[in-house]
Amino acid sequence: MVEKSLWTQQVESNPEHSVWYIERFRAMAEAGEDLDGEARLIDAMVRRGSRILDAGCGPGRVGGELARRGHTVVGVDVDPVLVAAAAEEHPGPTWLIQDLAELDLARVGVDAGFDAIVCAGNVMTFLAPSTRRQVLANLCPLLADDGRAVFGFGIGRGYEFDEFRADAEATGFVPDLMLSTWDLRPFTPVSDFMVAVLRRA
């Protein structure tokens, strides 16, 4: 049996957590904060009308913006409350409830061959540690031959950057570019955040 994600465990211990998360980002948007940095980077990497997978889509912040920019977006998240919010606030993309550790898009009629996969919002650190490699192994074959996957998460969340890089290499990824922010600042040994742009080996 697949171990439950840390996010799912947190929601089970506090059923209001998902609603709090949704309202947090709504409040940030209403305050005029810039919430589109991840989407801008992905948008700059792909052609117009690309197919993009938002892995761990949450309430649709990144995938919704990419759809508004003209891309065909599929968003997947384990949390049904977040997926319902994504569907309500960002109509257009395909929003799916699936655990990334058991991801099976073909089962619901979604083809592989994505031009980009984005995994933002510290999603990788909310996985159960025992499933991290499986999630990466599930995502890698979904990329088109020239597609790229982008993962972003911060330090101090239980998943060391070197461990992530080893897991990515073991599951068929190779790095294209390592950044320390979504606005293209270079990754350094003292960076406290990593944005890893990867492709299939």
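Visitor: Which residue in strand 7 is the bridge partner of G152?

Guide: The general idea comes first: the strands of a sheet pair through backbone hydrogen bonds, and this pairing is either parallel or antiparallel. In this predicted model, G152 has V195 of strand 7 as its bridge partner.

Visitor: In which sense do strand 5 and strand 7 pair, parallel or antiparallel?

Guide: Strand 5, residues 143–154, and strand 7, residues 193–200, pair in the antiparallel sense, and six bridges connect them.

Visitor: How many bridges join strand 6 to strand 7?

Guide: Strand 6 and strand 7 run antiparallel and are joined by six bridges. Within this pair, V174 has R199 of strand 7 as its bridge partner.

Visitor: In what order do the strands lie in the sheet?

Guide: The sheet is open and consists of seven strands in the order 3-2-1-4-5-7-6, with mixed pairing. Strand 3 (94–97) and strand 6 (173–179) stand at the edges; each has a single partner strand, so one side of each lacks a neighbour in the sheet. From one strand to the next, the twist averages 20°.

Visitor: Which strands does helix 5 touch?

Guide: Helix 5, residues 80–89, packs on the sheet and touches strand 2 (72–77) and strand 3. The direction of helix 5 makes about 170° with that of strand 3.

Visitor: Let us turn to a single side chain. Is E65 buried or exposed?

Guide: E65 belongs to helix 4, residues 61–68. Its relative accessible area is 11%, and E65 therefore counts as buried, the cut-off being under 20%. When residues up to four places away in sequence are not counted, E65 touches D36, A39 and G60.

Visitor: How many disulfides does the structure hold?

Guide: The structure holds zero disulfides. C119 is in no disulfide, and the nearest cysteine sulfur, that of C57, is 11 Å away. A disulfide requires two cysteine sulfur atoms within 2.5 Å.

Visitor: The backbone angles remain. What is the phi of N122?

Guide: Phi of N122 is near 65°, a positive value in a residue other than glycine. N122 is placed in the loop between strand 4 (114–119) and helix 6 (123–126). With 13% relative accessibility, N122 counts as buried.

Visitor: Where is L184 found, and is L184 buried or exposed?

Guide: L184 is found in the loop between strand 6 and strand 7. The relative accessible area of L184 is 51%, and the residue is exposed. Phi of L184 is also positive, near 75°, in a residue other than glycine.

Definitions and conventions
Residues are numbered from 1 along each chain as its sequence is written. This is a predicted model: local features need pLDDT of at least 70, side-chain atom pairs count only at pLDDT 80 or more; totals for chains, interfaces and linings use all residues. Side-chain values use heavy atoms; hydrogens and water are left out. Two strands pair if DSSP finds at least two bridges between them. Helices (H or I, at least four residues) and strands (E, at least two) are DSSP runs, numbered from the N terminus. Axes are lines fitted to C-alpha atoms, for helices over the stretch in contact, and angles run from 0 to 180 degrees between N-to-C directions. Contact means heavy atoms within 4.5 Å. Buried means under 20% relative accessible area, exposed over 50%, partly exposed in between (1.4 Å probe, protein chains only).
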